[in-house]
Amino acid sequence: DTPAESTRLVSYSIPLTGVTGRQFLASGEGQARFCWHTPQEFFAGIGTAAQISAWGSNRFEKIQHAAAELFRDAIVSHEQAVPRLFGGFAFSPNFIPDNTWTVYSPAEFVLPHYQFTQIGADAWLTINVLVAADEPFEEAELRAALHERAHQLQKITAYSGTMGLNPLLADDSAQNVLKDIRYPMSYEKWAARIHEAVEQFRAGVMKKVVLARVCELTFEQSVSLDRALAYLDQHYAESHRFLFEATPHHAFYGATPELLVRVQGDQLHTMGLAGSFRRGKTPDEDATLAHEFLNDPKELFEHAVVVNEIRERLLPYVADLTIPDGPEVLQLSNIQHLHTPIRARLQSPSGVLPLVELLHPTPALGGSPRDKALAFIDHAEPVPRGWYAGPVGWLDPNLDGAFAVTIRSAVTQDRRVWCYAGAGIVAESIPQKEWDETALKFRPMLNALGVSNDVRP
């Protein structure tokens, strides 16, 4: 799907004060909504100005071409508050929409009608419209529409504190009441799959594979998505928080610590993130656990597999590749990971999507070798991953952008939610430990949905 060739994009922006990104998003409940939120930036969108999707093995190239066509000859009024396509890709190239992912395509991106951009302390409100290519556009009309929208947002925000972060969390009427919870994969089947994987490691077929399981929840009423997002903001502010809700009340969202890739011009940032362990109850216990973890051969091997394969994939395309000699510990509110930041300079920059295709899936979410691991996942996991563990992010008019790996995520359909969690399996993996690790990884989304810690995976 691509916008008609007889149109061109006009993107007009004004400064916005007194409104947060989360308040902007909440004002669009019941419409298409999107966001990308990090400690440095908050990009969000409401409504649909244009939508592009792609199927097939060349879905990355199709999206690259369609995005280039959409942005060609665009009139953009602000160099920072640029129009952004929000979207992502399914984990598997042979993705077929099932009941859970019924409204999703293998690759889908949306240019919002209204867009919020915050970088540092500065914020803007943008309107994106497609106009006939051979007709002049009315700048005064766009400016008037923006000022009216900004006035409405400021009025709503001033009038109702319930759209703020803390009141959302404190609002009992917005709490999600759990009706049912189930896990399609039993522990016995989980352990059998791990033993099967270990046999393949010993036979030299694979070095690592990531196994995921699903938690299915049903609530008494429609899930309060804004409340869940506010929780993630409060407890996982260091993560990449994302929302893709092209169809109202069918939302994919989460707070992932893992950046797949970020490209700006010829500058590339990515990371190796593999190896997980719990947080301590005190700073001293945290430090003890981190020391043990940084000296654990199993965890270091699992992490090294990821970093080494990212290095091998990048080497033909980059210069000045910078990878530290060893990992550091990345602390999140409920879990710690081994983390290696990776930077490089692209030899022939052509935007972020060629790098998304090159790196996805990393061994952190697929395995190594990639083809053997993906075949094992297809056979071993009873529930399709859909967009879980796929790349979600944004594209700007230069086709630069950033994509995260969608772990610590959930997909919601009105009253139903599916949460996902995976664990990296290597030859030394112990099924019970890996099961406990996935239980730990379910907690961010379960807590965001108000599910008690007493409910054990």
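Biologist: On what basis are residues numbered and values computed here?

Modeller: This is a predicted model in which residues are numbered from 1 along each chain as its sequence is written, and side-chain values use heavy atoms, with hydrogens and water left out. Local features need pLDDT of at least 70, side-chain atom pairs count only at pLDDT 80 or more, and totals for chains, interfaces and linings use all residues.

Biologist: How are helix H5 and helix H11 oriented to each other?

Modeller: Helices (H or I, at least four residues) are DSSP runs, numbered from the N terminus; H5 covers residues 187–202 and H11 residues 431–448. Their axes (lines fitted to C-alpha atoms over the stretch in contact) are 9 Å apart, and the angle, on a scale from 0 to 180 degrees between N-to-C directions, is about 120 degrees. Angles under 35 degrees count as roughly parallel, over 145 as roughly antiparallel, 65 to 115 as roughly perpendicular and the rest as oblique. H5 and H11 are therefore oblique.

Biologist: Which residues of H11 meet H5, and how do the residues of the contact divide by class?

Modeller: With contact meaning heavy atoms within 4.5 Å, Tyr187, Trp190, Ala191, Ile194 and His195 of H5 meet Pro431, Gln432, Glu434, Trp435 and Thr438 of H11. Ala, Val, Leu, Ile, Met, Phe, Trp, Tyr, Cys and Pro count as nonpolar, Asp, Glu, Lys and Arg as charged, and the others, Gly among them, as polar.

Biologist: How are H5 and helix H10 oriented to each other?

Modeller: H10 spans residues 370–380, and its axis is 11 Å from that of H5. The two helices pack at about 155 degrees. H5 and H10 are therefore roughly antiparallel.

Biologist: Which residues make this contact of H5 and H10?

Modeller: By class, the contact of H5 with H10 has three nonpolar, two polar and two charged residues. On the H5 side they are Arg193, Glu196, Ala197 and Gln200, and on the H10 side Phe376, His379 and Ala380.

Biologist: How many disulfides does the model have?

Modeller: A disulfide is a covalent bond between the sulfur atoms of two cysteines; the rule applied is a pair of cysteine sulfur atoms within 2.5 Å. Cys35 is in no disulfide, the nearest cysteine sulfur, that of Cys419, being 17 Å away. The sulfur of Cys215 is 5.3 Å from its closest cysteine sulfur, in Cys419, and this is too far for a bond. The count of disulfides is zero.

Biologist: Is Cys215 buried or exposed?

Modeller: Buried means under 20% relative accessible area, exposed over 50%, and partly exposed in between (1.4 Å probe, protein chains only). The relative accessibility of Cys215 is 0%, so Cys215 counts as buried.

Biologist: Which residues does Glu299 touch, beyond those up to four places away in sequence?

Modeller: Glu299 lies in helix H8 (residues 297–314). With a relative accessible area of 8%, Glu299 is buried. Its partners are Gly275, Ser276, Phe293 and Leu338.

Biologist: What separates the C-alpha atoms of Val306 and Asp73?

Modeller: Val306 also lies in helix H8 and is buried, with a relative accessible area of 1%. Along the chain, Val306 and Asp73 are 233 residues apart. Their C-alpha atoms are separated by 40 Å.
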